[in-house]
Amino acid sequence: MAFSVIPILSCDKIEKKLDELAQTCVYIQSKTADPQAEDLVTMTKLLNRKYSAAGFFDINQRLLPQLFSGLMTYLIVILQFNVAVFKKYIKNDLEKVN
């Protein structure tokens, strides 16, 4: 889990910085009449600002609670399974004693 947090936060930070870059380029283009600034705005709009896992889901900070939720669900199911197995062993032990 710890190994997945750093790349997720890095992708989110890059996404936010690219959004800031695009806003800055638009600001520069609006303040100047330079054709290069217009080209820069066009180029920043063409940049892919989102990271995804093969298009299935975006990799950003919203992924962390989803991963944590999935992990907790998995752990609860495993815990319930272990409790059921433990109860079965206790029941068998009690039957052997009686």
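Modeller: A salt bridge here is a side-chain nitrogen of Lys or Arg within 4 Å of a carboxyl oxygen of Asp or Glu, and in this predicted model the count by that rule comes to 3 salt bridges.

Colleague: What makes lysine 16 and aspartate 12 a salt bridge?

Modeller: The closest N and O atoms of lysine 16 and aspartate 12 are 3.2 Å apart, and the cut-off is 4 Å, so the pair qualifies as a salt bridge. Both residues lie in helix α1, 4 residues apart, which is about one turn of the helix.

Colleague: Why is aspartate 12 called buried, and what is lysine 16 called?

Modeller: Aspartate 12 has a relative accessible area of 7%, and buried means under 20%, so aspartate 12 is buried. Lysine 16, with a relative accessible area of 45%, falls between the limits of 20% and 50% and is therefore partly exposed.

Colleague: How do you know that lysine 17 forms a salt bridge with glutamate 20?

Modeller: The closest N and O atoms of lysine 17 and glutamate 20 are 3.8 Å apart, and because the rule asks for a distance within 4 Å, this pair counts as well. Lysine 17 and glutamate 20 are 3 residues apart in helix α1, separated by about one helical turn. Lysine 17 has 47% relative accessibility and glutamate 20 has 43%, so each counts as partly exposed.

Colleague: Which parts does the pair of lysine 50 and glutamate 15 tie together?

Modeller: The side chains of lysine 50 and glutamate 15 meet in a salt bridge at 3.2 Å, N to O. Lysine 50 lies in the loop between α2 and α3, whereas glutamate 15 lies in helix α1, so the pair ties together parts that are 35 residues apart in sequence. Glutamate 15, at 6% relative accessibility, counts as buried, while lysine 50, with a relative accessible area of 42%, is partly exposed.

Colleague: What makes alanine 54 count as exposed?

Modeller: Alanine 54 has 70% relative accessibility, and exposed means over 50%, so alanine 54 counts as exposed. Alanine 54 also lies in the loop between α2 (35–46) and α3, and its phi is near 55°, a positive value in a residue other than glycine.

Colleague: What secondary structure do residues 67–86 have?

Modeller: Over residues 67–86 the chain is 100% helix and 0% strand, with the end C-alpha atoms 28 Å apart. The label "transmembrane region" for these residues comes from the UniProt annotation, in an unreviewed entry, and such annotations may be inferred rather than shown by experiment.

Colleague: Why is leucine 75 called partly exposed, and which residues make the nonpolar surface patch?

Modeller: Leucine 75 has a relative accessible area of 42%, which lies between the 20% and 50% limits, so leucine 75 is partly exposed. The patch of about 630 Å² is made by Phe68, Leu71, Met72, Tyr74, Leu75, Ile76 and Ile78. Leucine 75 lies in helix α3 (residues 63–97).

Conventions:
Residues are numbered from 1 along each chain as its sequence is written. This is a predicted model: local features need pLDDT of at least 70, side-chain atom pairs count only at pLDDT 80 or more; totals for chains, interfaces and linings use all residues. Side-chain values use heavy atoms; hydrogens and water are left out. Helices (H or I, at least four residues) and strands (E, at least two) are DSSP runs, numbered from the N terminus. Patches are made of residues with over 30% relative accessible area and no salt bridge: like charges are joined within 9 Å, nonpolar side chains (Val, Leu, Ile, Met, Phe, Trp, Tyr) within 5 Å. Accessible areas come from the Shrake-Rupley method with a 1.4 Å probe; for residues, only the protein chains shown count as cover. Buried means under 20% relative accessible area, exposed over 50%, partly exposed in between (1.4 Å probe, protein chains only).
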